[in-house]
Amino acid sequence: MADSGVNPTAAALLGLLHDGPMTGGQLMAAAERRLAPYWSMTRSQVYRELPVLAEKGLVRLGKPGPRMSQPYALTAAGKRTFSRWLAENPGKDTIRNPIALRIAFGNLHSSSQLKSLYASANEYHTEALAAVREQVKNAKKEGDPYDASALEFAVAYHKAALSWLKTAPVG
C-alpha cells in the first residue's frame with residue numbers, strides 16, 4: 001500500500017464507483033466487463049475491500065435493496081484518495097502465468113501432456129484475443145480512448161502469448 005492508503009483492488013473499486021453507486025455484485029460485473037482483460041479481481045476481494053473502504057469513509061452505504069444487497073457510493077474522501085492513488089508510482093508489474101510455470105517444468109511432463117497444455121492455452125488466448133478486440137472496437141465507438149488503450153494492452157498480451165506458444169518446446 002502506498003501513500004494513498006489503498007491497495008490496487010480498493011483503488012479499482014473507487015474508480016468504478018465514479019460511475020455511480022453500485023452493489024458488490026454490480027461492482028464485480030463492472031470489473032469483469034471493464035477490467036478483466038488486464039486486471040483480475042475476485043468476488044472475495046471485492047467483498048473484503050468494501051467494508052474497509054466504508055470504515056475509512058471512502059464509500060458510504062446506501063439503503064439495502066432486494067435480497068439485502070447494499071449499494072456503495074463514492075464519498076468526497078474516496079474521490080481524493082483515488083486521485084492520490086492515480087498520482088502514485090504504480091510500482092513493478094508482477095507476472096503470474098500458469099502456462100509458463102508449467103512449461104518451466106516441461107521436462108517432467110509427457111509430450112502428450114505438453115501438447116494438451118499448448119492446445120488449451122492456444123484455444124484460450126485465441127478466444128480471449130477475439131473478445132478483447134471486440135471490446136476495443138466498442139470502447140473506440142463509445143469514444144473512450146483510455147479504456148481502448150488499456151484494452152489494447154490485453155490485445156498485445158494475447159498476441160504475444162500466442163506467438164510464444166508457437167516456439168515452446170514439445171518435448
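The chain splits into domain 1 (8-87) and domain 2 (98-166), with bounds taken from an automatic or database domain assignment. This is a predicted model: local features need pLDDT of at least 70, side-chain atom pairs count only at pLDDT 80 or more, and totals for chains, interfaces and linings use all residues. Residues are numbered from 1 along each chain as its sequence is written, and side-chain values use heavy atoms, with hydrogens and water left out.

Start with the overall layout. The chain holds 7 helices and 2 strands. Here helices (H or I, at least four residues) and strands (E, at least two) are DSSP runs, numbered from the N terminus. In sequence order the pattern reads α-α-α-β-β-α-α-α-α. Along the principal axes, the C-alpha atoms fill a box of roughly 55 × 40 × 35 Å.

Now the second part of the chain. UniProt, in an unreviewed entry, places the feature "domain: Transcription regulator PadR C-terminal" at residues 95-168. UniProt positions follow the numbering used here, feature names are shortened, and annotations may be inferred rather than shown by experiment. Residues 95-168 are 82% helix and 0% strand. The end C-alpha atoms of this stretch are 18 Å apart.

How do the two domains meet? Their centres, taken over C-alpha atoms, are 27 Å apart. On the domain 1 side, 4 residues are in contact (heavy atoms within 4.5 Å) with 7 residues of domain 2. The area buried between them is about 430 Å². Buried area is the accessible area (1.4 Å probe) that two parts lose on being put together, summed over both. Carbon and sulfur atoms give 56% of it. Arg 34, Pro 37 and Tyr 38 supply 91% of what domain 1 buries against domain 2, more than any other three residues.

Between the domains the count is 0 salt bridges. A salt bridge is a side-chain nitrogen of Lys or Arg within 4 Å of a carboxyl oxygen of Asp or Glu.

The salt-bridge count by this rule comes to 3. Asp 19 pairs with Arg 34 in a salt bridge, with the closest N and O atoms 3.1 Å apart. Asp 19 sits in the loop between helix H1 (8-16) and helix H2 (24-34), and Arg 34 lies in helix H2, so the pair ties together parts 15 residues apart in sequence.
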